[in-house]
Amino acid sequence: MNKLNLKKSPLAMAVCIAISAGTTMPLQAQEESSVSENEPEVILIEGIRGSFTRAADIKRESSGVVDAISAEDIGKFPDTNLAESLQRITGVSVSRENGEGSEITVRGFGPEFNLITLNGRTMPGTGFNRSYSLENLASEGVSALEVHKTARAENPSGGLGATVDIITTKPLNSPGRKLSVMGKALHDSSNEEGDDYTPEVAAVYSDTFADDTIGFAFSFSHHRRDFQQQVANVQGWQANVDLPDLAPENVIDPRPVDADGNRIGNHYFPKDMNYGINNFERERNNGHVTFQYAPMDNLVATVDYVVSQATTARKDVGWGIWNEFGGNINAYELDENGTALYADIAGNDGSFTASQSTTDFDAESIGFNLEWDMNEDWAFELDFHDSSNEEDNGADSGLGSDGQVILGSNQLISKTYDYRTGEVPHAQINWANGTTELTPSEIDSNFSQFIHSPGKNEVKQLQLHGEWINPELSSNLLGMKFGVARTDQKMSGRTAWSGLRGGVGFNPSFTQVFPDGMFTRHSTSGMLDELSGGGSDLQPNYYYTFDFDEAVARQEAMLTEDLLGSDYYAVDAYFDGIDSQSSVEEETNAIYASAELEFEVAELPIMVNLGMRYEETDVTSVVRQRVETAVWWESESEWITQYAEGGTDNFLVTEGEHDAFLPMMDLKVDITDDIVGRFSWGKTISRAPLGDLAGGRSLTGSPKPGSRSGSQGNTNLLPFESTNLDISFEWYYDEGSYAAIGFFRKDVENFIQTRITQTTIPGLFDILDGPRYQQAVADIEARGEQATTTAIFEQMIASGYGNADGKIEPAADDPLIVWDISQPQNSDEKSVDGFEIAFQHMFGETGFGLAANATFVNGDVEFDSESLDQQAPLTGLGDSANLQAFYEKHGLSVKVTYAWRDEFLIGVGQDQGSSDAPPQFAKEYGQWDLSVNYDVNEEFTVFAEGYNLTNETEQGYGRYEEQFLFARQYGPRYALGARYTF
């Protein structure tokens with residue numbers, strides 16, 4: 001049943017006539033629409049068809065390019081995850097976290113380019129970044145989502161790609177009592193260790209009192225999900241590593257050669273190869289309370305409070321290999337791009353790991369709003385909110401950090417990486433015991449580490465809006481809007497790292513710490529079985545698991561300070577203090593004004609919205625800097641930076657400032673009664689990433705060969721500034737049905753490019769290739785042996801170059817370390833353009849409906865995989881498409897959705913990639929979802945839902961598809977539940 005209830009006062013009708021151009025008609029399902037805050041019209045809408053129809057109405061009536069999604073009924077949003085709902089909108093695609101939609105990309109611009117607002121208020125990002133994770137906010141209590149793709153003077157800045165406004169329920173906009181309760185059981189097919197069925201419950205209540213002058217509303221939801229992630233990954237690819245002279249039968253290299261016989265082009269090898277099974281327990285609680293009071297017909301005061309709390313606990317097991325190159329390489333096969341498809345590499349180690357962490361996310365926002373219609377011509381609105389997002393990975397009461405225990409062995413002959421067939425590379429180890437399988441009695445302690453890295457983002461914002469409606473109905477000027485705003489945003493975070501605790505690098509050996517019975521052998525037959533090369537074909541075909549707490553307890557008891565000195569086993573992320581700490585504070589003052597006009601040209605009604613916004617921003621960065629003193633070689637695979645002791649850290653304060661003038665124009669032409677044409681032009685900005693604004697220099701704490709890197713911030717970075725052009729045509733040929741096509745272009749100035757400079761730092765000497773290192777290589781080769789990393793380390797220790805703890809310290813005659821220091825800088829202008837097409841059709845009274853859209857984007861912002869130079873590409877750029885088909889009649893509603901996203905650039909830089917900052921690409925992804933609802937009666941509904949029905953996997957790669965980076969498998973999810981509406 002679709003219900004449409006309309007109630008409009010005489011005053012509302014007059015106001016509607018005056019401001020209909022350039023505003024969006026309000027409704028209950030999105031009655032708090034940000035473009036209609038003073039309009040008392042109320043529309044109650046229910047059902048899929050009603051939601052689709054209302055979205056079409058919003059699109060049609062808006063002056064700029066605005067798309068929306070509305071609730072199908074009170075407490076019933078189309079998807080339980082807001083990001084999943086947003087991807088149904090043309091031009092919007094999602095980034096996934098743990099198999100669920102998390103952050104959005106709009107028209108090829110990633111999460112950091114899009115602004116999330118709550119009832120028109122700027123929301124803080126999640127943790128120490130600007131991106132807002134939508135999976136932490138439940139859909140109950142949300143009445144609508146509006147996506148503003150073109151500039152609006154009254155909107156806060158920050159949405160270069162788009163501004164997404166989350167609109168919540170306000171009781172006075174829909175008088176009367178309403179209550180909806182929902183409960184469902186969730187089943188995640190990937191779950192192995194948690195509960196097979198987990199609950200989700202929610203309630204939404206709204207009521208008005210005292211002749212509808214007092215309103216109260218609240219919503220609450222509790223959600224829990226237990227699931228498993230299976231993953232394979234390479235942490236990074238190294239470019240142009242040293243290649244030894246090998247016999248021809250040990251090398252396959254199809255790259256061409258030059259006149260001197262040298263290979264043409266680059267070559268790339270994987271730094272490691274890992275596999276893992278990660279078990280999650282995730283719990284989310286959301287609450288929203290709104291209180292409204294209207295002491296007079298023209299005055300409404302609103303106080304609201306929104307709180308979100310999410311806890312994610314994870315226990316991971318993993319296994320894999322670590323590679324060094326040069327003399328370690330025994331054989332290899334490259335493809336025509338120089339990517340290693342196969343490599344036989346000696347030295348280093350193989351590992352079995354266990355990790356454990358609990359991360360808390362806490363967000364809250366308290367706000368006050370006062371709306372005053374001074375008279376029929378003038379209206380004012382005062383709004384203030386204080387909001388924060390805090391993320392803490394130290395919520396595990398026993399650890400207080402993210403902990404990782406790495407066991408394994410370096411007693412091997414060689415390791416092989418093989419990606420010549422299948423979708424998952426294989427990594428086999430030839431152990432010194434003559435087999436490809438390590439026995440439990442041979443498993444040794446490598447090291448453990450504990451990391452605590454909390455972050456907090458806070459926003460305090462005061463906005464004053466005014467509106468004047470021209471009483472002269474014959475005038476072309478309909479009215480004006482104006483206002484001022486003050487926004488204070490502070491983002492802070494710190495990191496504490498324990499260093500490598502325990503018997504680092506199997507030196508000395510502590511196999512006696514771990515009894516054989518501590519380890520359980522498993523087959524990999526069910527591992528990544530949705531991918532070719534996974535499952536029963538995966539090599540290695542086994543792995544060991546062990547209890548994290550037992551491994552920690554045994555090492556704490558035996559690897560004591562008396563035995564290991566300063567390397568003793570300690571479960572303390574703050575073992576040597578805080579490693580890094582920074583904060584960035586932005587203070588922005590803004591003023592805006594806009595005017596709405598209506599006139600005719602050649603008998604065509606034309607509506608124009610002209611506006612401008614001016615902002616000034618002051619930036620202050622405070623960075624804690626540690627004093628590096630040396631880099632020690634602590635084991636064949638581990639290099640550790642040493643720091644000065646005794647409180648020698650200092651705090652560096654840097655300041656910056658910038659301003660922005662943001663004009664805009666929207667033009668809307670009613671070409672016919674059914675066809676609308678639009679032209680929009682304007683400027684939008686997105687501010688620089690927080691990590692880039694934090695001044696000061698830092699060096700990596702684990703500077704392995706090929707990864708001697710550091711970073712330096714730039715507080716004076718200018719924001720990305722885009723000049724936007726939109727042209728579109730829309731044909732509304734029937735109620736709820738339309739077809740649209742649009743062209744957009746964004747010319748973005750001040751693109752940020754990371755430049756890497758090679759530099760040396762006085763006093764930081766490099767053991768690698770120093771006189772002692774070279775002598776060790778000569779001694780090994782003189783014996784006719786292979787000079788692997790392990791052999792070189794052991795030779796230097798045998799030659800007496802180790803200290804009392806068996807670690808090698810630099811010497812004064814060693815060369816200085818060459819560091820690759822990256823610093824962000826504003827660069828040139830880049831452009832993105834594309835087309836959007838959308839189609840929505842209601843098949844009369846049959847109950848069937850269909851909606852489809854697609855976005856095609858391109859520009860000069862793509863990553864050039866052939867170049868090793870530093871680049872400034874646009875992350876997230878890629879095509880996308882969505883399909884929704886539904887049937888809704890006689891109490892039964894069925895909706896099938898498909899969301900597709902083409903391959904896109906995730907980011908630049910890999911954890912263990914070489915200094916050329918190699919890319920991370922995601923392969924194309926498509927997902928089918930299904931929901932079925934049946935109304936037992938007008939109040940009671942039962943439903944079933946299915947997500948990722950075809951068990952799609954997520955995959956990623958580096959410069960080329962042959963440079964495997966990750967594969968992740970989750971499994972389908974199902975839900976069965978009921979909803980009762982009073």
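Four strands, in the order β36-β37-β41-β40, make up an open sheet with mixed pairing, where two strands count as paired if DSSP finds at least two bridges between them, and where strands (E, at least two residues) and helices (H or I, at least four) are DSSP runs numbered from the N terminus. The edges of this sheet are formed by β36 (697-699) and β40 (752-759), each of which pairs on one side only. On average, neighbouring strands of the sheet are turned by 25 degrees against each other, direction ignored, the axes being lines fitted to C-alpha atoms (for helices over the stretch in contact) and angles running from 0 to 180 degrees between N-to-C directions. Three bridges join β36 to strand β37 (residues 709-712) in the antiparallel sense, and S698 has S711 in β37 as its bridge partner.

The structure is a predicted model, in which local features need pLDDT of at least 70 and side-chain atom pairs count only at pLDDT 80 or more, whereas totals for chains, interfaces and linings use all residues. Residues are numbered from 1 along each chain as its sequence is written, and side-chain values use heavy atoms, with hydrogens and water left out.

A further open sheet contains five strands in the order β3-β8-β9-β6-β7, again with mixed pairing; its edge strands are β3 (66-70) and β7 (121-122), each pairing on one side only. Strand β6 (residues 114-118) pairs with β7 in the antiparallel sense over two bridges, with T117 standing opposite T122 in β7.

Strands β48 (residues 925-935) and β49 (residues 940-947) run antiparallel and are joined by six bridges, forming a hairpin with four residues between them; within this pairing, N933 has F943 in β49 as its bridge partner. β49 also pairs with strand β52 (residues 973-981), in the antiparallel sense and over eight bridges, and G946 stands opposite Y974 in β52. In the loop between β49 and β50 (954-957) lies N948, a residue other than glycine with a positive phi near 50 degrees. N948 counts as buried because its relative accessibility is 3%, the classes being buried under 20% relative accessible area, exposed over 50% and partly exposed in between (1.4 Å probe, protein chains only).

A positive phi, near 65 degrees, is also found for D769, likewise not a glycine, which is placed in the loop between β40 and α7 (771-782); at 46% relative accessibility, D769 is partly exposed. Q539 and P540 are joined by a cis peptide bond with omega of about 10 degrees, and P540 is located in the loop between β28 (520-523) and β29 (542-545).

On the surface, F291, Y293, V303, F368, L382, F384, L462, L464, V484 and I591 form a nonpolar patch whose accessible area together is about 820 Å². Two or more residues of the patch come from each of β16 (272-296), β21 (378-392) and β26 (455-469). V484, in strand β27 (residues 477-497), is partly exposed, at 41% relative accessibility. Patches consist of residues with over 30% relative accessible area and no salt bridge, like charges being joined within 9 Å and nonpolar side chains (Val, Leu, Ile, Met, Phe, Trp, Tyr) within 5 Å; a salt bridge is a side-chain nitrogen of Lys or Arg within 4 Å of a carboxyl oxygen of Asp or Glu, and accessible areas come from the Shrake-Rupley method with a 1.4 Å probe, only the protein chains shown counting as cover for residues.
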